[in-house]
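Please read them beside the sequence and the coordinates.

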Amino acid sequence: MTLPYALSRLLIYLVLSVGAIAMAFPFYWMLATSLKSPQEAQQARPIWVPERLKPANWRVAAQLGAAGGSPLWGGYQNGRSVTLRIFTDRMGPEPQVFIPTAVGAFSDPRAEGTQIRTRYQEDHWEITFTNASGESFRLLPAVVLLSKSYPSYRPELPPDAVRSSGDDWRLEWVNLAPGALGYVFHNYREAWLAAPFGRYFFNSFFTAGTQVLVGLLLAAMAAFALARIEFPGKNLVWLVILATLMIPGEVLLIPNYILLSRLEWINTYYALVVPWLASVFGIFLLRQFYLSLPRDLFDAARIDGASYWTQLVRIALPLSIPGLVTYGIFTFLGAYNALLWPLIVTDRPEMYTIQRGLQVFIGEAGSDYGALMAASTLAILPIVLGYFLAQRQFIQGVARSGIK
Amino acid sequence: MTVLLILVRLAVMLELLPHWAYGLGAALLVGTTLEAILRTFRPALLPGLILLLAGIGLGYNLAPAVVLALVGVGALYWAWAPQMSEREQASFWGWLLVWPAVGLLLVWQIIPSLYALWLSFLDRFNFIGQSRFAGLLNYEILLTRDPLFWKAMGNTFWFVIFTVPLGILLATLVAILLNERVRLLGFFRTLYFLPYITALTAAAAVWDWIYHPEFGFLNWVLGTPGLDWLSTPQGIFALALAPLGLELRGFWAGPSVAFVAIMVMSLWHLLGYQVVVILAGLQNIPKEYYEAAQLDGASWWQQQRYITWPLLSPTTFFLSTLGLIGAFQVFTQVLIMTPTGGVLQDTLTITLYLYNKGFRDSDFSYASAIAVVVFIVILALTVAQQRILERRVTYET
């Protein structure tokens, strides 16, 4: 239309975009860091695109991985040889190559069983690692000391760290036979193997799922009774529920913990689920829903001889699916994302939920930010995926909670 | 019925002291129940009461009792159903459907709250050793001699002051812009909402990394290498006014830099939720109002000021109440970003303090006293808020 109009539109988009970038940036940063090597992560100037995200490197990683094991996940299997090429313009001092020994280990079987051969070909050094140890390994870490007298050098696979060491450059690889996926998702794999994340995920899904399914049933039953059935004592029940509404969560931490430990339920699924099965929020929400359904519907069913149970299952539940979904999403989110309660009632790793496991992992990982961000990404991944699949339900559900 | 409830509560209280008393309490309960039924002679109440008991039993993992009760009720119903009157049916089904939820609420919420109140009167209750009744001692220490509690309260206060108005204002701005028939509405909404659904544990880990003193992104952006955001206990007001020669101390120094960093993160986390709720509120405002205003020549700003803002007030009121209660529950991000509560406990929040007292120092009574005080404060604040703010809320009629 007019210029001021176009200008105002532009301004709207500008403000919204700036906000959106601010909102999304931490996610990008988490993802980017999770794909970085420690040296890349710990730069004073941030690296926007990590080496592991560059397709040219994937090809090399796949080749190296195929030589040592599989092109996808790599490996360093018995009898295989992995050859790394380092391009230099001319021949110079021979690089020294070795396999770093784990700190505190008296010997490293990998280092002992590996035959390392270096030779110069046309324009590059060829370093061949041959596994003669009789065992197979997941990773092949390597260190190459290359003289600083070379004006330039380019290893086939970019090193994870380059350090200065006297007259040499010390090039370090955490894994020389990574395979394409093993290269890109190195941090994810290491984080996954560093703690029983599979178990954590199972615990989280199991407890959150139980809480949703049983909680939905209980809340729907109670809400239906409160909305549609006249029974003696109903006011009292309603009073109990209203009173519960006032209780803030902090008040319950201590007494419920004491109760659970008296029941010897600490470190069990009961402790994670049972205290939060009945939810006043769910009862309120669904009761509101059932009150809004036309009364005639139920009266007609009653005349046809349907029992209250049939009315609930056949009429009320199917009609209240949006409400059930809202409540289900909220409960699942709350249970899956909770840290405080799992922190209190579990202290054994096999009972940790994912958030509790992540919290412990954060304490242990120290400065390995790549692994830390990889673990964080894993922890939020299921919810984010679910969110992208069922955005409408998520957002409408939340919006519905606001208008009442 | 009320008498019954009190008895149940007493039984449970006793159960938590000596064990055998629960049986006695239960027996008493059943006895009084039966007596009440015989007295009032309303047989339809019987299954309801059995079910209520079963619900309580379920809460305490008395599986056999629950199964027995259910079987009993089933048998009763089966034998009884044909001759049940309409009213009896209603009361039977009403109780049958309501009992599990109510039983669980009683066992895990109502009774524990009262138990917390009782605990707060004891002297250093933990699992070791005998504790004795100490009256209001815990409260006296808490309110008059505990600087950490007041530190945590002060932090909660700043949290409310900083995040609630700012969050609502920002969210309203974003929501109004999104409501201007923006293309890519879905895209923007998705992005803004994303932080809210991510777990605070992971989000706090990311922000911790962003705030990193040496390699953090924020220090690179701001050009302040080495600034350790999360270990800076100086209050922001004190820092801001220091060049003027003013020296602010204690509460008036304001929230510490570290706590402000945590508040920014919390704001980021909650903003999407507020945007979505406000957007829903905006879409409830009839378009005709704006059309009428435009005919009268009202500017864009006037429309927002005199139509949007007042008609949005129920929503903003709801969000501010939520923000107030939420401030008392800030825990996860503080634990992850400053596990010990920060330098000089400058990022201590109420829930973290409660957690430390209860589960690190094993002083359940003192922690319960904190919880009770929080309960009272929240109650008082929400009531006050309703009284003061709600008068200014415009509800559409």
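The points below go from the chain contact to a helix pair, an annotated region, the domains and a sheet.

1. Basis. This is a predicted model, in which local features need pLDDT of at least 70, side-chain atom pairs count only at pLDDT 80 or more, and totals for chains, interfaces and linings use all residues. Residues are numbered from 1 along each chain as its sequence is written, while chains are lettered from A and ligands numbered from 1 in the order in which they are written.

2. Chain contact. Chain A contributes 84 residues and chain B 83 residues, two residues being in contact if their C-beta atoms, placed from the backbone, lie within 7 Å. On the side of chain B that touches chain A, helix α5 (residues 86-119) of chain B gives the most, with 21 residues. Helices (H or I, at least four residues) and strands (E, at least two) are DSSP runs, numbered from the N terminus. That side of chain B has 64 nonpolar, 17 polar and two charged residues. Ala, Val, Leu, Ile, Met, Phe, Trp, Tyr, Cys and Pro count as nonpolar, Asp, Glu, Lys and Arg as charged, and the others, Gly among them, as polar.

3. Helix pair. Helix α16 (residues 354-365) of chain A packs with helix α9 (residues 200-210) of chain B at about 25 degrees, the axes being 9 Å apart. Axes are lines fitted to C-alpha atoms, for helices over the stretch in contact, and angles run from 0 to 180 degrees between N-to-C directions. α16(A) and α9(B) are therefore roughly parallel, a term for angles under 35 degrees. Q355(A), L358(A), Q359(A) and I362(A) meet T201(B), A202(B) and A205(B).

4. Annotated region. UniProt, in an unreviewed entry, places "domain: ABC transmembrane type-1" at residues 153-385 of chain B; such annotations may be inferred rather than shown by experiment. Residues 153-385 of chain B are 70% helix and 0% strand, with the end C-alpha atoms 18 Å apart.

5. Domains. Chain A is divided into domain 1 (66-184) and domain 2 (197-402), with bounds from an automatic or database domain assignment. Their C-alpha centres lie 52 Å apart.

6. Sheet. Four strands of chain A form an open antiparallel sheet in the order β2-β5-β8-β7. β2 (96-98) and β7 (161-165) of chain A each have a single partner strand, so one side of each is left without a neighbour in the sheet. The twist averages 20 degrees from one strand to the next. Three bridges join β2(A) to β5 (residues 142-147) of chain A; pairing needs at least two DSSP bridges. Q96(A) has L145(A) as its bridge partner in β5(A).

Terms used:
Parallel < 35°, antiparallel > 145°, perpendicular 65-115°, else oblique.
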